[in-house]
Amino acid sequence: MLLVLALLGCTAAAFAVTEGLKLEKSPITNTIVDKVVAPDSSTNAIAAISFTLRKRDRLTVEIVNGNGDVIRTLARSKQAEPGTQQFKWNGRDDSGRVAPDGVYKPRVHLAREHRTIALPNSIRMDATPPLIKLVSVRPLVFSPDGDFLRDFVRIRYQTNEKAQAILYVDGDRRTLVNRLVRAGKLDWGYKAARGLRPGLHRLRLRAIDAAGNLSNPTRAVVVRVRYIEVRPHVLRVHTGARFGFRVVTDSKRYSWHLGARNGTKRQRLLILRAGDPGTYHLVVAANGHVSRALVVVSP
C-alpha cells in the first residue's frame, strides 16, 4: 500500500512539473523569417531573421540544413539584451560558398537558459536561374502605328519553371510579363513600341523566377518596323513620261504630295506623269509617318 502511494506521489509530481513547463513562456517570441533567399538575385539576396528575446542572454544563431548540420553561424555567444534581435543570411556557408538549393532553418542557442530552439520558419534556398526558350516570333515585319493592322509582334516562349518573361529590344529592357508561367506569350507593339524608329531591331527574352533569379538571354530574333516606304528612292524621267513608285504600307490609304500636286491612294503602285524639268520631292504619308523619294525630270 505504501509503495502504491509513493508511486502515485511521484506521478503527481512529474505531472505538475510537466504542466509547469507547458505554462512557462518561451524565451523567444515574435519570430519573423524571410521565406526565400537567392544570393545572386536583386530582390532576395538576403534573408532577414528577427525575433524578440524575453530575457538577457548569450546567443548563438546558426543556419542548419535538413539533416540538422550547421552550414552557417550568424552569431556566436553574442551578449543580447531583452528585445528585438535581428540577423541576416546571404545564402552562403561559413566558407563563403553558395549553399546548395534546399530548405534551411535558423537555430538559436541560449547559453543562460541552456536551451537550443529551432525556429519553425523555413528558408528556401534557390540559387538556380531559370531557363527560357523562344518558341516563335510573328510577324517579323510590323507597324506599331495604331491602325489595327500588324500593330504588334507576338512572342511565344517556354521556361523550365514558373517565371516572368522580360523583353529586351536592342539591349534595352522594354516590358515584363507579370504572370509566373511555364509557357506564355508576349504581345509587343502599339503603345509599348510607339515611337520606335523604322528598320531592324533585335529582340531577346530573359526570365526571372519567383526567387528573383535572372536567366541568360535567349537567342536574338531580328524584326523589322515598317510604317510606310516608297521605292525606289530616286527616279529619273523625261518630261511628259509616266512613271511609278511602289508604296509599301499596312495602312489601307495613304496620301502623296509631289510639287504642286497631291492626292490620296489605295493602290500600292503610285502612277504619275512627269511635268516640267526640275528636281521634285515625292512625299507619301500614312498614320503620321512619312517616306520620301526624289524625282529628277529632264527635257
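Me: In β6, which residue is the bridge partner of Thr52?

Reply: That's Thr84. Before we go on, this is a predicted model, where local features need pLDDT of at least 70, side-chain atom pairs count only at pLDDT 80 or more, and totals for chains, interfaces and linings use all residues. Residues are numbered from 1 along each chain as its sequence is written, and side-chain values use heavy atoms, with hydrogens and water left out.

Me: How do you know that β3 and β6 pair?

Reply: Strands count as paired if DSSP finds at least two bridges between them. Here β3 (residues 47-53) and β6 share 7 bridges in the antiparallel sense, so they pair by that rule. Strands themselves are DSSP runs (E, at least two residues), numbered from the N terminus.

Me: What makes β18 and β21 edge strands?

Reply: Their open sheet of 5 strands goes β18-β24-β23-β20-β21, with mixed pairing. β18 (234-238) and β21 (261-265) each have a single partner strand, so one side of each has no neighbour in the sheet.

Me: Why is Arg226 called buried?

Reply: Buried means under 20% relative accessible area (exposed is over 50%, partly exposed in between, with a 1.4 Å probe and protein chains only). Arg226 comes in at 15%, so buried it is.

Me: Where is Arg226, and what is it in contact with?

Reply: Arg226 is in the loop between β16 (221-225) and β17 (228-231). Leaving aside neighbours within four places in sequence, Arg226 is in contact (heavy atoms within 4.5 Å) with Val141, Phe142, Ser143, Val248 and Asp250.

How values were computed: Helix = DSSP H or I, 4+ residues; strand = E, 2+ residues; numbered from the N terminus.
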